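Keep the structure open as you read.

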Amino acid sequence: MKTTLPTQRNHGLDTLRALAIIFVVLHHYVLFVSGEDTFGWVGEIGWVGVDLFFALSGYLIGNQIFAALRSGRPFSLPRFYARRLLRTLPNFYVVLALYFLWPGFRHGSPLLPLWHYVSFTQNINLQPGSAFSHAWSLCIEEQFYMLLPALALGVASMRRSLRWAWGAIALAFVAGMVIRYTVWGELVAQSREPGTSYFKYIYYSTFCRFDELVAGVALALLKNFHPRAWRSLTGHGNGLLAGGAALAGVTFWLFLHERQALPITVLGFPLLALSFSMLIVSALCRKSVLCTVRVPGAASLALWSYAIYLGHKQLCILARGPLERLGYGPESALAIAVMLFSSVFAGWLLYRCVETPFMRLRARYVPTNFAPVKA
């Protein structure tokens, strides 16, 4: 599976992105395929991989926007949106077509109306158990991509824009906690099916799940507009790695024991945001272990992670039956190896055949906001 990797990659960010997709794939395997404690606590808590993706996206997209604004050149919203859509839509639409055009692919799961998927509003009041349900996180990211640059330009046009920006970030964290507290009390605690209501109104909800995205944006704002503070912070890469890992471990433990309880619902996501932010900063520190150590295979997994995410769950669900008929249950080492390898291979194939050609088109016809516009 040969592919051309970008020449300049951050090993630390690749490691975090690879870790995120591994967590998610193992969690979905446990949740939708084996139904057992196949991978121990990693399989149970693996849903946090989505939150790590959120934090990485918040930083990377925020950094693009703030670096472009700081350059002094006019920021083009059409170019930004065109580049993001060319990055995310082709893979998504190919997998979405499989769900709608090949009934066997969805394995009996009900589909929502098509407009829910193409408008990226699927996550709103999403009922657990529907087909392509894991695309809820893509909806939140796409909503974020559409909103953030416009907000950034609006704040930049105001006086004392940095104060406004930091005030908006602080307000977002407070608002997230207040919203989760209110929703939990009114729609979860009072529900006849609190577990279903938790996922429908909190876990899948845009208004309850933006903490990590906002944290990533805060890192980008700090890096681009507070260079002295950023240099001071990035001088402690290994300390941030240790602190972020420790805080993440404590937060994982809390979620494992009381995932849907009110205290962890209100405070758990900001704790995840803080711990993942510390890890991201460590990954950006040139002398930290996370940045300097190149984990074999992490760069490739990071590169294919979006494509793997889109297709892995359904591929594993479809492969379970044939493997069981051959005598290999989902707990067997061979079945696990076959299904995980198939997920990675299918992700690579989607990346190679769909994502890569569109990235070439983007590079050729849609310049970045750093590129000068030709007269």
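**The second largest pocket**

The lining of the second largest pocket holds 24 nonpolar residues, 3 polar and no charged. Here Ala, Val, Leu, Ile, Met, Phe, Trp, Tyr, Cys and Pro count as nonpolar, Asp, Glu, Lys and Arg as charged, and the others, Gly among them, as polar. A pocket is an open set of points on a 1 Å grid over the protein atoms alone, where a 1.4 Å probe fits, with protein on both sides within 12 Å along at least five of seven lines; lining residues have an atom within 4 Å of a point.

Of its 27 lining residues, L148, L151, A168, V214 and V217 are the closest to the centre. α6 gives the most to the lining, with 9 residues.

**Basis of the model**

The model is predicted: local features need pLDDT of at least 70, side-chain atom pairs count only at pLDDT 80 or more, and totals for chains, interfaces and linings use all residues. Residues are numbered from 1 along each chain as its sequence is written, and side-chain values use heavy atoms, with hydrogens and water left out.

**Helix α3**

Helices are DSSP runs (H or I, at least four residues), numbered from the N terminus. G72 follows α3, and its phi is positive, near 90°.

Technical notes:
Helix = DSSP H or I, 4+ residues; strand = E, 2+ residues; numbered from the N terminus.
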